[in-house]
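Hi everyone, thanks for coming. Let me put the structure up on the screen, and then we'll walk through it together.

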Amino acid sequence: MMNFAIAGCGHIAYKHIDAIEKTEGARLVAMCDPNPARLEELRAITPAASYPDLGTMLAQQPDIDAVCICAPSGLHGALALEALRAGKHLVLEKPVTLDLTEAEQLRQAVRFSGVKATVVHPNRYRPAMRVLQAALAEQRFGKLSHVNMTVRWNRSQAYYDQAAWRGTKAMDGGVLLNQAIHGLDLLQWLFGPVAEVKSLTATRLKQIEAEDVAIAAIRLDSGALGVIEAATTVYGHNLEESISVFGEEGYAVIGGKTANWIRHWVCASMSREETEALIRRVDEDPYGVPGHQCIIADLVRAVREDREPEISLEDGIRAVKLALDMTGGGSGEPAQPLDRKEAIADA
């Protein structure tokens, strides 16, 4: 049995609790948060021991095997390093960190500690994405000409105003590091590394420090071109999240408000009947097993089999690097960090 703990008890912690409870060979034994009200809420759904901070939890509960980092983004690196120094395996919520210096510290710590570290990019486990990844592995679309990743969502000013850290460069990041980070991971998981980026970002409509809209033209290592569009400025509601690919022997668009459905699929090597059956299969179960559950289960197996998790720390860093490349790597005046305990309490 692998014993899990959760650091940071905001809304995302509930997904981790559910995933751990549903995973054979995993159990939740501890959780920590400086906000007593948050801990009290979770006591109603789990008997796990509760602590005010990660250091106290690690010191008083040595039976912990793995820690899920669920605090605000700007705290991910420091909390992950603390868990790594205690020899614990890691489940890191996205994004891994908000800067590449801290990401490199994590890379080195994982390498020298010998523990397993995985990053929460659950969209890889969506049935439509698995189908697309398999088709690309089989080169069903032939040589690719270009690809596209789009996030056209709405986040109200009230969303950003509910906590002081939201929308800040030091603790949250903008649309790229927050909302679009899963798409940036999918883009490179599906199509390979990005070799060149030319981008524009802006803070157009929201009263926040970070960007609320971003666009980029990219060149992949393969030579294929691509377009990235990400925004939280869409009026009223989430409009679209999509991944598109165009090649010499076909094309596909995975879309909807969340990229869960095959909107278009044309492939020279597939008959109309095969294509319709494929789309029907995805439509029957567009969500599949929840991604958080898949990630927890994979970490348990990775530890047991002594292998890398399916979603590695390197994968998470690659998505962060692309986001930072689009924003210029955080050039300009550095953001002033919020107080650490204040940020956790507001998460």
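Let's start with the largest pocket, which holds about 950 Å³ of space. A pocket here, on a 1 Å grid over the protein atoms alone, is an open set of points where a 1.4 Å probe fits, with protein on both sides within 12 Å along at least five of seven lines; lining residues have an atom within 4 Å of a point. The volume is the space filled by probe spheres set on the points, which are joined across faces, edges and corners. The lining has 33 residues, and closest to the centre are His11, Ile12, Lys15, Lys94 and His182. Helix 1 (12–21) and helix 10 (291–305) each contribute at least two lining residues; helices are DSSP runs of H or I with at least four residues, strands are E runs of at least two, and both are numbered from the N terminus.

A quick word on the model: it is predicted, with local features needing pLDDT of at least 70 and side-chain atom pairs pLDDT 80 or more, while totals for chains, interfaces and linings use all residues. Residues count from 1 along each chain as its sequence is written, and side-chain values use heavy atoms, leaving out hydrogens and water.

Seven strands make an open, mixed sheet in the order 8-9-10-7-11-12-13, where pairing takes at least two DSSP bridges. At the edges sit strand 8 (194–202) and strand 13 (261–267). Strand 11 (240–247) and strand 12 (250–255) run antiparallel, joined by five bridges, and Ile243 has Ile254 of strand 12 as its bridge partner. Thanks, everyone!
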